[in-house]
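Subject: A structure for you to look at

Hi there,

Here is the structure I promised to pass on to you. Have a look at it first, and then read my notes below.

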Amino acid sequence: MAVGGDFSLSLLEEGGGEMPEPRAPAASASDQHQQEQEQQQQAGSENAEDEDLLPMVFLCAGCKRPVGDTLSWVTSDEDDGCILLRRVAASVSVDKEQKLSKRPGERGCMVETLFCSGCSMTLGNIYRCTPKHLDYKRDLFCFSIDAIESYILGCSEKQALTDEEPLTLESRAALEVVLRRADIVFRSLETRLTALESSMASLHNKE
């Protein structure tokens with residue numbers, strides 16, 4: 001028994017009595033492949049979201065002046081009915097007088113009013129001081145969706161329709177011949193008109 005006790009004490013002194021920490025099992029090839037697929041799917045979904053956001057211009061609902069575009073897009077807030085942009089057009093003016101927001105859920109927010117320089121319509125606010133839950137709005141241009149309209153670039157429904165054939169070298173040569181003939185006719189008419197005016201003038205002088 002004494003031998004067993006000495007052996008146990010030596011293990012504790014050398015630190016060998018502590019159990020080694022269990023190691024996480026190495027990921028299998030199938031797990032790694034699954035992780036790669038999930039990452040690719042996530043990246044694909046992000047790219048799809050970017051593609052869904054078509055290039056768009058935002059206009060003042062009052063005078064139709066452009067106020068911003070999706071190149072400065074940050075996010076939208078459906079609950080508050082607004083969109084957030086980093087930059088705006090020169091037609092947007094800012095009232096530097098800070099006011100305390102009276103909107104529900106915005107207690108303690110200090111805002112500056114955005115308005116259209118063309119028609120003076122109120123467009124939204126810039127949040128200068130916000131509580132923690134509204135920090136994502138701070139120092140961004142917040143436009144009310146009721147004060148703006150949008151135009152998607154490249155969405156024109158009407159296109160120019162033409163049945164004319166494209167201009168080729170042969171058709172261009174033929175067109176030049178027609179133009180030269182027309183120029184000759186016009187010059188001939190101009191000469192005859194000049195002669196007719198001179199004869200009329202001479203008759204008038206004789207009278």
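Over which residues does pLDDT stay under 50, and how many contacts beyond four places in sequence does the model have for them? The stretch is residues 1–18, and the model has two such contacts for it. Residues 44–51 also have a pLDDT below 50, and beyond near neighbours in sequence that stretch has zero contacts in the model. Please keep in mind that this is a predicted model. Where pLDDT is low, the predicted coordinates should not be read in detail.

For the chain as a whole, the average pLDDT is 76, and 67% of the residues score at least 70. Confidence is lowest in helix α1 (residues 2–13), with a mean of 43, and highest in strand β9 (residues 141–144), at 94.

Now for the overall layout. The chain has three helices and 10 strands. If you follow the sequence, the pattern reads α-α-β-β-β-β-β-β-β-β-β-β-α. Of the 207 residues, 18% count as buried. The accessible surface comes to about 16,600 Å², and 54% of that belongs to carbon and sulfur atoms. Take the contacts between residues at least 6 apart in sequence: 45% of them join residues at least 24 apart.

Next, the inside. The largest nonpolar core has 15 residues, and those with the most contacts inside it are Phe58, Val67, Val92, Leu114, Leu123, Phe143 and Ile148. At least two residues of this core come from each of β1 (56–60), β4, β7, β8 and β9, and β1 gives the most, with three. In soluble globular proteins, nonpolar side chains tend to be buried together.

Ser91 sits in the loop between β4 (82–85) and β5 (92–94). Is Ser91 buried or exposed? Its relative accessible area is 11%, so Ser91 counts as buried, the cut-off being under 20%. A polar atom of the Ser91 side chain lies 2.5 Å from the backbone oxygen of Pro66. Beyond four places in sequence, Ser91 is in contact with Arg65, Pro66, Val67, Phe115, Cys116 and Ser117.

Asp95 is in the loop between β5 and β6 (99–100). With a relative accessibility of 26%, Asp95 is partly exposed. Leaving out neighbours within four places, Asp95 is in contact with Glu112, Thr113 and Phe115. Asp95 and Ile126 are 31 residues apart along the chain, and 9.5 Å separates their C-alpha atoms.

Gly118 belongs to the loop between β7 (110–116) and β8 (122–129). Its relative accessible area is 40%, and Gly118 is partly exposed. Not counting residues up to four places away, Gly118 touches Cys63 and Arg65; Arg65 is also among the contacts of Ser91. From Gly118 to Ser93 is 25 residues in sequence and 9.5 Å in space, C-alpha to C-alpha.

Enjoy exploring, and write back with any questions!

Best wishes

How values were computed. Residues numbered from 1 in each chain as written. Predicted model: local features only at pLDDT ≥ 70, side-chain atom pairs only at ≥ 80, totals over all residues. Heavy atoms only, no water. Helix = DSSP H or I, 4+ residues; strand = E, 2+ residues; numbered from the N terminus. Buried < 20%, exposed > 50% of the residue type's maximum accessible area, 1.4 Å probe, protein only. Polar contact = N/O pair within 3.5 Å; in protein donor to acceptor, adjacent residues only side chain to side chain. Contact = heavy atoms within 4.5 Å. pLDDT = per-residue confidence, 0-100. Core = buried A, V, L, I, M, F, W, Y, C linked by side-chain atoms within 4.5 Å. Areas by Shrake-Rupley, 256 points an atom, 1.4 Å probe, with all protein chains shown as cover.
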